[in-house]
Amino acid sequence: MNNETPEILNLALKDLDELCALDSRVFQPDAREDRDVFEDRLKVFPDGCLKCVIDGKIVGYLTSELWDSVHSMEINRKASVFHNKDGQHGFVSAFGVDPDFQRRGFGTLLLNAYVSLSVEKGIKSIYLRPMKEVLNFYYRYGFKSVGQMTSDGEVHEVLELLLS
């Protein structure tokens, strides 16, 4: 019998293979992250890299970094480019849930855990650049549009969640 009790834990370097495989299930090839990018994020800001685990399997993940100010939100960019351990703004660089586990609240659990971590660290706001298909998820959560950016010829909303 499957136990669907989720655990939110920190991602680790040992999770890279499973993380990359899941990223490939969640996103189209042009929106996937490279293994070395995930590895960099795990090394640069391990506290900001979370996983949702059910029965020993990673079903969701969130990677992030801290910034002094808002920077380029390109996908597949290493955290070491802009991360500042004393930054006051969180940036969610990758966030996905296995398609077989979507719409069951696991993404919300991951985001709740990240928001709690951010509040504990004194972060003032969280930024992200979501795919159009999931904008409503973030709006329902409380994120607000603060502008747009163009990436690979497409216009994307930039969203912010104020924490303080």
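The accessible surface of the protein chain comes to about 8,500 Å². Carbon and sulfur atoms account for 48% of that area. The model behind these values is predicted.

Start with the overall fold. The protein chain has four helices and seven strands. Their order along the sequence is β-α-α-β-β-β-α-β-α-β-β. The radius of gyration is 15 Å, close to the 15 Å that the globule rule gives for 164 residues, so the protein chain is as compact as a globular protein of that length. Along its principal axes, the C-alpha trace spans about 45 × 35 × 30 Å.

Of the 164 residues in the protein chain, 46% are buried. Take the contacts with a sequence separation of 6 or more: 66% of them join residues 24 or more positions apart.

Now the charges. The protein chain carries 19 positive and 26 negative side chains. The centres of the two sets lie 2 Å apart.

Turn to the cysteines. A disulfide is a covalent bond between the sulfur atoms of two cysteines. How many disulfides does the count come to? The count is zero. The cut-off used here is 2.5 Å between the two sulfur atoms. The closest cysteine sulfur to that of cysteine 20 belongs to cysteine 49, and it is 12 Å away, so the pair is too far apart for a bond. Cysteine 49 is likewise in no disulfide, with the sulfur of cysteine 20 as its nearest cysteine sulfur.

Are these two cysteines buried or exposed? Buried means under 20% relative accessible area. Cysteine 20 has a relative accessible area of 17%, so cysteine 20 is buried. Cysteine 49 is at 0% relative accessibility, so cysteine 49 counts as buried too.

Finally, look at valine 44. Where is this residue found? Valine 44 is in helix α2, which covers residues 35-44. Its relative accessibility is 27%, and therefore valine 44 counts as partly exposed. Which residues does valine 44 touch, leaving out those up to four places away in sequence? They are Ala79, Ser80 and His83. Asparagine 84 gives another view of this region. Valine 44 and asparagine 84 are 40 residues apart along the chain, and their C-alpha atoms are separated by 9.2 Å.

Note on methods. Residues numbered from 1 in each chain as written. Predicted model: local features only at pLDDT ≥ 70, side-chain atom pairs only at ≥ 80, totals over all residues. Heavy atoms only, no water. Buried < 20%, exposed > 50% of the residue type's maximum accessible area, 1.4 Å probe, protein only. Helix = DSSP H or I, 4+ residues; strand = E, 2+ residues; numbered from the N terminus. Contact = heavy atoms within 4.5 Å. Rg over C-alpha atoms; globule rule 2.2 N^0.38 Å. Areas by Shrake-Rupley, 256 points an atom, 1.4 Å probe, with all protein chains shown as cover. Lys, Arg positive; Asp, Glu negative; His and termini not counted. Charge placed at Lys NZ, Arg CZ, Asp CG, Glu CD.
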